[in-house]
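Here are a few friendly notes to read alongside the model.

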Amino acid sequence: MTLTFHVTGELDYDTSGDLVHCVVEHIDRHPGPREVRLDFRALTWIDSSGLSALLMIHRRAGAAGAELRLDNRPGFLDDRLRLTNVLEHLIGCAQPLDAGTPEADGDATRAGVT
């Protein structure tokens, strides 16, 4: 199963906790996902709290045996991930900048963060 979350708006101090809570809640509710996908097509901003949230989600997905995929990353997101030296940690070498979302094969959840 794949859990997909659509992240919209700003991912910052005010919203990052909501995203982490939503993702963890769905991982707990649907044990054994193969992948956890975050779609950033509508992301407009990310700060250090948002980056921290991505690291927490990565850790939680890994503990559940799922691979974290960061889809449709805007350039500014990759810039911040590179600047903080976490790009390769979060995505490895398998996800290009324009990584798309897979065909629907599991639960898709809209996690609107505004």
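1. Are H1 and H2 roughly parallel or roughly antiparallel to each other? This is a predicted model, in which local features need pLDDT of at least 70, side-chain atom pairs count only at pLDDT 80 or more, and totals for chains, interfaces and linings use all residues. Residues are numbered from 1 along each chain as its sequence is written, and side-chain values use heavy atoms, leaving out hydrogens and water.

2. Helix H1 (residues 16-29) and helix H2 (residues 48-63) pack at about 10 degrees, with their axes 9 Å apart. They are therefore roughly parallel to each other (angles under 35 degrees count as such). Helices here are DSSP runs of H or I with at least four residues, and strands are E runs of at least two.

3. Phe40 is among the residues that touch the most other members of the 28-residue largest nonpolar core, together with Leu38, Leu54 and Leu81 (buried nonpolar residues joined through side-chain atoms within 4.5 Å). Leaving aside neighbours within four places in sequence, the contacts of Phe40 include Val7, Leu11, Leu70 and Pro74 (heavy atoms within 4.5 Å).

4. There are 9 salt bridges (a Lys or Arg side-chain nitrogen within 4 Å of an Asp or Glu carboxyl oxygen). Glu35 pairs with Arg69 at 4.0 Å; Glu35 lies in strand E2 and Arg69 in strand E3, so the pair ties together parts 34 residues apart in sequence.

5. Asp39 is buried at 2% relative accessible area, while Arg41 is exposed at 60% (buried is under 20%, exposed over 50%, partly exposed in between, with a 1.4 Å probe and protein chains only).

Definitions and conventions: Axes fitted to C-alpha atoms, helices over the stretch in contact; angles between N-to-C directions. Parallel < 35°, antiparallel > 145°, perpendicular 65-115°, else oblique.
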